[in-house]
Amino acid sequence: MVLQCLLLRVLQTLLLCQAQLLSKHPQQASTAMYQLSQALAAGTVKLQDWNSVVNAGMGGQVFQDALIRTSEHLQTGAKAAIAAKGSFRESLQTGWLTTEVLTQTLDQFSTAADTQEEYEAAVKKFVDQGY
């Protein structure tokens, strides 16, 4: 049940991303959503899953940096894996990009604030989580 709730939350976020990409890459965005849902069910994002994200135009440096930062916070070893394997892409085979890393990173990207109070609450939430 917990995994289903996580998948639903992540897929909702991904739907928002897909809506923004539909005009440019509708098929790639759809494939990326499918691949990520499969990866979440498996527990980690592997290279094939990541390639779908990149092909949909969602795997840029900002997203990679955020995933690495979340991984380091959760101690899943992104920096060590990248150092050992030589690149972000190749490091994915070590399994550091877990469901938790992905969902927490997407949560950070999906946080919206329309008022100063909402912004401060969002910042406090991430500070309280250790970011």
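Is Trp50 buried or exposed, and what is its relative accessible area? Trp50 is buried, with a relative accessible area of 2%. Buried stands for under 20% relative accessible area, exposed for over 50%, and partly exposed for values in between (1.4 Å probe, protein chains only). The model is predicted: local features need pLDDT of at least 70, side-chain atom pairs count only at pLDDT 80 or more, and totals for chains, interfaces and linings use all residues. Residues are numbered from 1 along each chain as its sequence is written, and side-chain values use heavy atoms, with hydrogens and water left out.

Three aromatic pairs occur in the structure. Rings of Phe, Tyr and Trp (its six-membered ring) pair if their centres lie within 6.5 Å; planes under 30 degrees apart count as stacked, over 60 as edge-to-face and the rest as tilted. For Trp50 and Phe88, the ring centres are 4.9 Å apart and the planes stand at 55 degrees, so this pair is tilted. The pair links distant parts of the chain, 38 residues apart. Trp50 belongs to helix α3 (residues 47–55) and Phe88 to helix α6 (residues 88–91). Helices are DSSP runs (H or I, at least four residues), numbered from the N terminus. Phe88 is buried as well, with a relative accessible area of 7%. Phe88 also pairs with Trp96. Trp96, like Phe88, is buried. One aromatic cluster unites Trp50, Phe63, Phe88 and Trp96.

Helix α8 spans residues 116–128. It has 13 residues and reaches 18 Å from its first C-alpha to its last. That is close to the 18 Å expected at 1.5 Å a residue, the expected span being 1.5 Å times one less than the number of residues. Just after α8, Gly130 adopts a positive phi of about 100 degrees.

One salt bridge is found in a search of the whole structure. The term covers a side-chain nitrogen of Lys or Arg within 4 Å of a carboxyl oxygen of Asp or Glu. The side chains of Lys124 and Asp128 form a salt bridge at 2.7 Å, N to O. Both residues lie in α8, four residues apart, about one turn of the helix. Lys124 and Asp128 are both exposed.

Val127 also lies in α8. Together with Tyr119 and Val123, Val127 makes a nonpolar surface patch of about 280 Å². Patches comprise residues with over 30% relative accessible area and no salt bridge; like charges are joined within 9 Å, nonpolar side chains (Val, Leu, Ile, Met, Phe, Trp, Tyr) within 5 Å. Accessible areas come from the Shrake-Rupley method with a 1.4 Å probe; for residues, only the protein chains shown count as cover.

Key
Helix = DSSP H or I, 4+ residues; strand = E, 2+ residues; numbered from the N terminus.
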